[in-house]
Amino acid sequence: MDFNTAAEKAKAFTKSPTNDEFLEFYGLYKQATVGDNTTPEPGALDVKAKAKWNAWTKNKGMSQDAAKAAYVATYEKYAPKYA
């Protein structure tokens, strides 16, 4: 399965992943599509934005191709639970 297919199928999950699982997907998706996070860190009061920023930054240094492969593997791990 390729990255684009996995991303589309993940958006179509019939159940919502947990917050931690969502952040795992989010961080890998951003790394795969944009690369390293160079945006300023959000303030501590914006908890949701900060969690998303941290999830993306956690993958810093990973190549976009490696992030795509990791995203597909993550999709395959969670698909039986949420598809």
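Which helix gives the largest share of the lining of the second largest pocket? Hold that thought, and I'll come back to it.

First, some ground rules. This is a predicted model, where local features need pLDDT of at least 70 and side-chain atom pairs count only at pLDDT 80 or more, while totals for chains, interfaces and linings use all residues. Residues are numbered from 1 along each chain as its sequence is written, and side-chain values use heavy atoms, with hydrogens and water left out.

Okay, helices. They are DSSP runs of H or I with at least four residues, numbered from the N terminus. Let's start with α1 and α4, which is residues 64–82. Their axes come within 9 Å and cross at roughly 40°. An axis here is a line fitted to C-alpha atoms over the stretch in contact, and angles run from 0 to 180 degrees between N-to-C directions. α1 passes α4 in a left-handed crossing, meaning the near helix is turned anticlockwise from the far one by less than a right angle; clockwise would be right-handed.

Who is touching whom? From α1 we have Phe3, Ala6, Ala7, Lys9 and Ala10, and from α4 Lys68, Tyr71, Val72 and Tyr75. Contact means heavy atoms within 4.5 Å. Sort those residues by class and you get seven nonpolar, no polar and two charged. For the classes, Ala, Val, Leu, Ile, Met, Phe, Trp, Tyr, Cys and Pro are nonpolar, Asp, Glu, Lys and Arg are charged, and the others, Gly among them, are polar.

Now α1 with α2. Their axes come within 12 Å and cross at roughly 145°, and this crossing is left-handed. Phe3, Ala7 and Ala10 of α1 meet Phe25, Tyr29, Ala32 and Thr33 of α2. That contact has six nonpolar residues, one polar and no charged.

Next up, α2 and α3. These two pack at about 60° with their axes 7 Å apart, so they are oblique to each other. Here the crossing is right-handed. On the α2 side you'll find Leu23, Tyr26, Gly27, Lys30 and Gln31, and on the α3 side Ala51, Lys52, Ala55 and Trp56. By class, that is five nonpolar, two polar and two charged.

On to the pockets. Rolling a probe the size of a water molecule over the atoms shows where empty space is left. On a 1 Å grid over the protein atoms alone, using a 1.4 Å probe, a pocket is an open set of points with protein on both sides within 12 Å along at least five of seven lines, and lining residues have an atom within 4 Å of a point. The volume is the space filled by probe spheres set on the points, which are joined across faces, edges and corners.

The largest pocket holds about 280 Å³ of space. Its lining includes Ala7, Phe13, Pro17, Phe22 and Tyr71. α1 (3–11) and α2 (19–33) are the elements that each give two or more residues to it, and α2 gives the most, with five. Overall, the lining has nine nonpolar, two polar and one charged.

The second largest pocket has a volume of about 150 Å³. Asp20, Leu23, Lys58 and Met62 are among the residues lining it, and the elements giving two or more are α2 and α3 (47–57). So, my opening question: the largest share, five residues, comes from α2. By class, this lining has five nonpolar, three polar and three charged residues.

Definitions and conventions
Parallel < 35°, antiparallel > 145°, perpendicular 65-115°, else oblique.
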